[in-house]
Amino acid sequence: MRDTILEILADIIDEDDLDTCTTLIDDGVLSSLDIIQLIGALNDEFDISIPATEIIPQNFNSVDAMAAMVARLSEE
């Protein structure tokens, strides 16, 4: 799952440190438009629906946080 999320991120933004970065939102690496693209790609790739309540910086600051969110939403 992490590798797939990394591939999706690499298609959206040009950043070298995606695998280890834990401040994608806090440092402005991801813009609001990037997040919209990311949400759509995650929804499609993992067959989930990310509700507005999950669209918070903590869920998008790192690949691990995104993977945890996807795993949690996949179980629902």
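A residue counts as buried under 20% relative accessible area, as exposed over 50%, and as partly exposed in between. With a value of 40%, Asp19 is therefore partly exposed. Keep that scale in mind as we follow the charged side chains through this predicted model.

Let's start with the salt bridges, of which there are 3. In one of them, Asp19 pairs with Arg2, with 2.8 Å from N to O. Arg2 has a relative accessibility of 29%, so Arg2 is partly exposed.

Arg2 also has a salt bridge to Asp64, where the closest N and O atoms are 2.5 Å apart. Here helix α1, holding Arg2, is linked to helix α4 (residues 63-75), holding Asp64, across 62 residues. Asp64 is partly exposed because its relative accessibility is 45%. Together, Arg2, Asp19 and Asp64 make up a salt-bridge network.

Another salt bridge brings Glu54 and Arg72 together at 2.5 Å, N to O. Glu54 lies in the loop between α2 and α3 (57-60), while Arg72 is in helix α4, 18 residues apart. At 15% relative accessibility, Glu54 counts as buried, whereas Arg72, at 33%, is partly exposed.

Now turn to the surface, where Asp3, Glu7, Asp11, Asp44, Glu45 and Asp47 form a patch of negative charge. Helices α1 (2-12) and α2 (32-46) each contribute at least two of its residues, and α1 gives the most, with 3. Asp11 is located in helix α1; its relative accessibility is 71%, so Asp11 is exposed.

Technical notes
Residues numbered from 1 in each chain as written. Predicted model: local features only at pLDDT ≥ 70, side-chain atom pairs only at ≥ 80, totals over all residues. Heavy atoms only, no water. Patch = residues over 30% accessible without salt bridge, like charges linked within 9 Å, V, L, I, M, F, W, Y side chains within 5 Å. Areas by Shrake-Rupley, 256 points an atom, 1.4 Å probe, with all protein chains shown as cover. Salt bridge = Lys/Arg side-chain N within 4 Å of Asp/Glu carboxyl O. Lys, Arg positive; Asp, Glu negative; His and termini not counted. Charge placed at Lys NZ, Arg CZ, Asp CG, Glu CD. Helix = DSSP H or I, 4+ residues; strand = E, 2+ residues; numbered from the N terminus. Buried < 20%, exposed > 50% of the residue type's maximum accessible area, 1.4 Å probe, protein only.
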